[in-house]
Amino acid sequence: MDKTATRIDWIGSSCRLLKATAAEFERTRPFEGLSIGTSIHLEPKTVALLMTLRAGGARLVCTGNLNSTQPLTVEFLRSQGFTVFATQTTDPAAHHQSLEAVIAERPDLLLDNGGDLFAIAAEKPYANLRGGTEETTSGRTRLLPLRERLAMPILVINDSPIKQFAENRHAVGQSLFESYLRFTNRSTNGKRVTVFGYGACGKGTAACFRNAFSTVSVVDIDAVTTLEAHLDGFATPPREAAIRSADIIVTVTGFAGIVTAADLPLVKDGAILMNGGHFPHEIDVEAFRRHPDVIGIDRYEADQIETFHLRDGRSFHVLGGGHMANLAGPRPLGNTVESMDLGFTLQARCLERIARGEAGPEACVVPVPGDIDAMVANAYLDLAR
């Protein structure tokens, strides 16, 4: 029987590791009687993860992240009986209401992305919360000062070596490069690209632009990391020189205030700015919009591009309002299916461990246990061979 398949169907059939995990969970039911609250990008690959958790007996209460919620994904999840508090929004206040709504359901486990849910739980603790997972570097940085108040197992997916090389280095770099092309339809050949941050995401981003015949510079606040970039063959000029020369600036640091209004005198005429970090604060777009030297803004609404015109005649462009470029703009695809299949299986296995009571408060904001990394790696290799 023929049917009109959707992108959600395509992604679901492509996530082979999650499919195998879901089949196991249907037998073992590790989440029977438990609810899981999630705050993670609501797009088709997330559906595959949520369906896997439900196969293990979980009741899911879901919200998304700023500017990455895809309405068709929300519609699908609701049609499948999931509780979803989410809209596509760039308004932090509206998003916070959705986060509060998830916590109000008092889920037993949390799957967090950026530390939003756990930060609320630290302020409003409740007895049945067992712990959960945090996806990002940004979230880990946010939650570390709250460890004593949280005092529960929270496993940081981003600190897994699998997440670092499979998703961050390979997939984020590839998807940010793809997103530049998708937003702009402009070439990379001969362009001068400055990448802020040389962690795993920065390494992948710098490599992808270099492989596309760009001249790439790297800026990092850590001298040892900067030396690594130098020995990897990238230019490592001082920060101001790196901004002045750049046709394209990409931020992938996990920290706020990387490119600010104070940098406007340095920005090259025609430069394109894009962010790959989790929070939309690495490039201070709001400060650009308010700056007295900005005398006009052209907004290409359908393409989510803003062009800022400066008093001295220069102009520059910002993609996706400074939100994560690979999950913003026209047809936001995010990271590759295979990388998310790995990362989301890490999520599922870490939540399984906490649900079974096999991790205690001493595992508060710590990396994925090595035996889970090994389990996921072996399972993926078995399918790939």
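1. A polar contact of 3.3 Å joins the side chains of E167 and N335. Do bear in mind as you look at this pair that the model is predicted. E167 belongs to helix α9, which spans residues 161–184.

2. Is E167 buried or exposed? E167 has a relative accessible area of 6%, and because that is under the 20% cut-off, this glutamate counts as buried. Leaving out residues up to four places away in sequence, E167 touches E135, I162, V172, N335, S339, M340 and G343.

3. M340 also turns up in the next piece, the packing of two helices. Helix α3 (residues 44–55) and helix α14 (residues 337–355) pack with their axes 10 Å apart, at an angle of about 30 degrees. The two helices are therefore roughly parallel, and α3 passes α14 in a right-handed crossing.

4. Which residues make that contact? From α3 come K45, T46, L49 and L53, and from α14 come V337, M340, F344, Q347, A348 and L351. By type, the residues of this contact are seven nonpolar, two polar and one charged.

5. My last stop is S39, in strand β1 (residues 35–39). S39 is buried, its relative accessible area being 0%. Its side chain reaches the backbone oxygen of G64 at 3.2 Å.

6. Setting aside neighbours within four places in sequence, S39 is in contact with T63, G64 and N65, with L99, and with L111, D112, N113, D116 and L117.

Technical notes:
Residues numbered from 1 in each chain as written. Predicted model: local features only at pLDDT ≥ 70, side-chain atom pairs only at ≥ 80, totals over all residues. Heavy atoms only, no water. Helix = DSSP H or I, 4+ residues; strand = E, 2+ residues; numbered from the N terminus. Buried < 20%, exposed > 50% of the residue type's maximum accessible area, 1.4 Å probe, protein only. Polar contact = N/O pair within 3.5 Å; in protein donor to acceptor, adjacent residues only side chain to side chain. Contact = heavy atoms within 4.5 Å. Axes fitted to C-alpha atoms, helices over the stretch in contact; angles between N-to-C directions. Parallel < 35°, antiparallel > 145°, perpendicular 65-115°, else oblique. Left-handed = near helix turned anticlockwise from the far one by under 90°. Nonpolar A, V, L, I, M, F, W, Y, C, P; charged D, E, K, R; others polar.
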